Each structure stands twice: as structure tokens, then as C-alpha cells.
Amino acid sequence: MSFESPGGLAALAGLLGLCVGSFLNVVIHRLPKMMEAEWHAQCADLRGETTSTAAALSLAKPRSRCPSCGHQITALENIPIVSYLVLRGKCSKCAAPISVRYPVIEALTALISAYAAWHFGATLQTVGALVLIWALIALTAIDYDTQLLPDSITLPLLWFGLAFNLATTYIDISSAVIGAMVGYLTLWSVFWLFKLVTGKEGMGYGDFKLLAALGAWLGWQMLPVIILLSSVVGAVVGIGLIAFSRHGRNTPIPFGPYLAAAGGIALFWGPQLTRTYLGLMA
């Protein structure tokens with residue numbers, strides 16, 4: 001297999017994506033719990049209470065276990081996708097079902113990683129695309145579960161975008177800096193306008209930071225397409241949830257997954273979509 005060929009590079013990126021997807025499952029599951037534990041510790045400290053001295057949860061420790069019986073997952077049981085198929089989606093100890101999300105995240109990460117390598121080739125753009133894609137997948141699942149977009153992912157993602165564009169990887173650095181500023185201020189303005197009109201908060205601050213990060217990666221020129229795509233998809237999905245799944249009108253719907261999906265689409269096909277958009281507007 002030659003990694004200089006598009007196919008070889010895509011295969012390598014796909015295999016790497018499988019491994020990273022397995023790690024992203026850990027991030028998606030543990031990071032919100034780590035944030036909650038940190039908040040409890042901070043609140044206890046403000047109240048003057050002593051916090052537990054038990055070992056804190058991290059992305060590395062303790063080893064993954066079955067939530068039903070506590071069985072420690074072995075290395076052979078942790079092979080991406082293969083282990084799930086061999087185990088038939090059940091714990092080897094207690095036969096409790098394993099969420100299908102785990103192999104789905106692994107497969108999705110592998111497929112998009114392989115496509116990114118095929119699309120951009122052996123360039124710095126592929127490296128940046130993998131970083132961006134992996135972060136967006138983690139943010140999508142975390143926001144879907146908890147309606148949180150962790151600063152520990154969104155803020156480094158913003159700085160990474162600016163760093164990659166110092167070398168004009170996707171856009172010139174001026175457009176990247178303006179993209180970060182405009183991305184944040186756009187949703188910040190919508191947030192406060194909606195709050196002034198309705199007295200309610202329509203979105204979280206994490207959404208501002210995520211759009212700022214996408215602006216830093218792709219430039220301010222991509223922001224109209226990203227906002228349009230995410231708004232349309234979000235509206236369609238939201239209406240569908242209300243109409244077909246008894247999703248209450250007052251139940252919040254996370255916006256981060258739609259921003260992340262729109263950002264991924266813009267990463268690969270942004271210029272074409274922009275030309276189409278401008279053509280329709282003209």
C-alpha cells in the first residue's frame with residue numbers, strides 16, 4: 001500500500017480515524033462527568049466544605065468498565081467496531097447491551113477521516129481537517145447529550161484554526177481573525193436580541209464560541225453558508241421532533257450539532273456552496 005497515493009493515504013487516515021473514534025467515545029462519555037465533578041468541587045470550596053479525596057475521573061483513568069456489572073474492558077474487547085461485532089453488542093460478563101453509538105462514532109470518524117485525506121491529499125489541509133473533524137464529532141455528541149459545548153474543546157479549536165491559517169492553510173490569517181470575531185458576535189447579537197424580545201435565552205454561550213472557531217478555521221466568507229445551513233437543518237429537525245416525537249415546544253434543542261454539521265460541509269464544499277448562494281442572491 002502506497003501512502004503517496006490518494007487511496008493509500010485515505011486508508012491510513014481511516015484506520016487512524018477508527019482509533020481516534022474509540023477515544024472520542026471516552027471523551028463524549030467522561031468529559032461532561034468531569035465538568036460536573038469540577039463544578040461540584042468549586043461549589044463545595046465556596047461553601048467552605050471539604051471535597052472527596054477519591055481519585056478524580058479523567059480521560060485516562062480509571063479503565064473503562066461495564067456500567068451494569070463493573071467488568072473491566074480488556075484490550076481485546078476494545079478493538080474499534082470488531083469487538084462490538086464479536087460480542088454481538090453485549091457485555092462479555094453480564095450480557096448487558098452495549099450502546100450502538102460506540103461503533104457508529106468509530107465508523108463515522110473513520111469514514112470522514114478517510115474522505116478528508118482523499119479530498120485534500122498529502123497536505124497540511126488534511127492534518128487540519130482531521131483535527132477539526134474529530135473535535136466537531138465530539139462536540140456534536142456531547143451537546144446532543146447534555147446541551148453543553150465544553151470550553152476545553154471549543155477554545156483550543158479556535159486557536160488551532162488561527163494557528164493553521166498562519167500558513168494560509170485554508171484562508172489568509174486576516175480573514176481567519178475576522179471570521180472568529182464575526183462568528184462570535186453574530187450569535188452573541190442574536191442571543192441578546194432574542195432575550196430582549198422574549199425574555200428567554202435562545203442559545204448557549206458555547207454556540208458563540210463554536211461559530212467563532214469555525215470562522216477561525218474557514219474565514220468570515222464561510223459564515224453565511226454555515227449559518228444558513230445550520231439554521232435550515234435545525235429548523236427542519238426541530239419541527240420534525242415537535243410534530244412526530246412529542247418533543248415539547250419549550251424543550252431546548254441543542255444547536256451545536258447543526259453548527260458542527262454545517263462547518264464540516266463548509267470545510268469540504270464551502271467555496272462551491274458560496275458561489276451557488278451568491279448566484280441565487282444575484
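R101 is partly exposed, at a relative accessibility of 27%, where buried stands for under 20% relative accessible area, exposed for over 50% and partly exposed for values in between (1.4 Å probe, protein chains only). The model is a predicted one, in which local features need pLDDT of at least 70 and side-chain atom pairs count only at pLDDT 80 or more, whereas totals for chains, interfaces and linings use all residues. Residues are numbered from 1 along each chain as its sequence is written, and side-chain values use heavy atoms, with hydrogens and water left out.

R101 is paired with D145 in a salt bridge, with 2.5 Å between the closest N and O atoms; a salt bridge is taken as a side-chain nitrogen of Lys or Arg within 4 Å of a carboxyl oxygen of Asp or Glu. Because R101 belongs to helix 3 (residues 101-120) and D145 to helix 4 (residues 124-146), this pair ties together parts that are 44 residues apart in sequence. Helices here are DSSP runs (H or I, at least four residues), numbered from the N terminus, as are strands (E, at least two). D145 is likewise partly exposed, its relative accessibility being 41%.

The structure contains three salt bridges. One of them joins K209 to D151, whose closest N and O atoms are 2.8 Å apart. As K209 lies in helix 7 (residues 205-218) and D151 in helix 5 (residues 151-165), the pair ties together parts that are 58 residues apart in sequence. K209 counts as buried, at 19% relative accessibility, while D151 is partly exposed, at 36%. A further salt bridge is formed by E49 and R47, with the closest N and O atoms 3.0 Å apart; E49 is partly exposed, with a relative accessible area of 41%, and R47 is exposed, at 54%.

Helix 3, which has 20 residues, reaches 28 Å from its first C-alpha to its last, close to the 28 Å expected at 1.5 Å a residue, the expected span being 1.5 Å times one less than the number of residues. The buried residues of helix 3 are P103, I105, E106, T109, A110, S113, A114, A116, A117 and F120. These residues lie on the same side of helix 3, because they cover an arc of only 165 degrees around the axis, the arc being that of the directions from the helix axis to the C-beta atoms. L111 and W118, on the other side of helix 3, are exposed. Helix 3 is followed by G121, which has a positive phi, near 75 degrees.
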